[in-house]
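This briefing covers two residues and the overall make-up of one protein. It is meant to be read with the model open.

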Amino acid sequence: MLLAFDTSSAAVTVALATPTGEIVASSTTVDALRHGELLAPAIAAALESAGVTPRDLTGIAVGVGPGPFTGLRVGLVTARTMGEVLGIEVAGVCSLDILARQSTLTLPVAVATDARRKEIYWALYDGPAADGSRRRLEGPAVDKPAEVAHVLSGLPVIGRGAVLYGETLGVESAVAAGDEVGVAEYPSAEVLATGVATRTLEVVAPEPMYLRRPDVTMSSGPKSVL
């Protein structure tokens with residue numbers, strides 16, 4: 001069984017999938033202030049619902065951001081700790097890639113999530129390949145919405161950033177573009193699990209994806225998650 005979860009946004013999303021990517025349990029709770037309280041019970045509930053124990057897990061997939069530090073840290077520390085204790089592989093996936101994969105559109109799309117401080121994390125993606133995967137063309141990056149409006153304008157945009165700053169960005173919602181799923185505000189653990197199981201999402205090291213903010217000078221590079 002593959003356990004997948006993402007805490008890079010205001011949502012805590014968890015899913016359990018078979019080796020072929022079939023989802024057997026999942027949950028999503030939106031609460032930006034309670035990642036630490038919600039993740040462990042959600043994992044336990046998914047395992048119980050599927051009738052399995054942690055020892056039945058063969059792998060873990062986790063969203064690596066970009067996202068606010070506190071929530072992102074909860075997911076990555078949990079994934080790496082479980083992987084170490086259980087002796088199983090932990091696969092990281094860019095959380096913006098997860099959102100892009102959630103769209104059913106056959107068009108190029110953009111993803112924009114809430115970076116707080118009135119900024120967005122964003123990336124651009126090509127149209128889907130035959131297996132549903134999307135190639136990232138640009139990003140991820142973090143900017144003020146007005147600074148990247150010319151880049152995203154006219155594209156269907158997935159993510160919370162499109163909901164919060166759609167007018168500023170001058171973007172077309174995924175719904176207006178004909179997306180059957182609609183505007184996905186948060187990364188889905190179901191899509192993460194299926195994408196990793198079927199190898200249609202690019203896997204990276206389970207390290208936090210931190211981005212230099214336009215108004216902040218970072219010192220000495222990324223911080224450790226442990």
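Ser 95 counts as buried because its relative accessibility is 2%, and buried means under 20%. The model is predicted. Glu 202, by contrast, counts as exposed, since its relative accessibility is 53% and the cut-off for exposed is over 50%.

**Ser 95**
- Ser 95 belongs to helix α3, which runs over residues 95-102.
- Leaving out residues up to four places away in sequence, the residues that Ser 95 touches are Asp 6, Ser 8, Gly 63, Val 64, Gly 65 and Pro 187.

**Glu 202**
- Glu 202 lies in the segment after α6, a helix spanning 189-197.
- Once neighbours within four places in sequence are set aside, Glu 202 has contacts with Gly 92, Val 93 and Arg 136.

**Whole protein**
- Six helices and 10 strands make up the secondary structure of the protein.
- The protein has 226 residues, and 50% of them count as buried.
- Taking contacts between residues at least 6 apart in sequence, 64% join residues at least 24 apart.

Note on methods:
Residues numbered from 1 in each chain as written. Predicted model: local features only at pLDDT ≥ 70, side-chain atom pairs only at ≥ 80, totals over all residues. Heavy atoms only, no water. Helix = DSSP H or I, 4+ residues; strand = E, 2+ residues; numbered from the N terminus. Buried < 20%, exposed > 50% of the residue type's maximum accessible area, 1.4 Å probe, protein only. Contact = heavy atoms within 4.5 Å.
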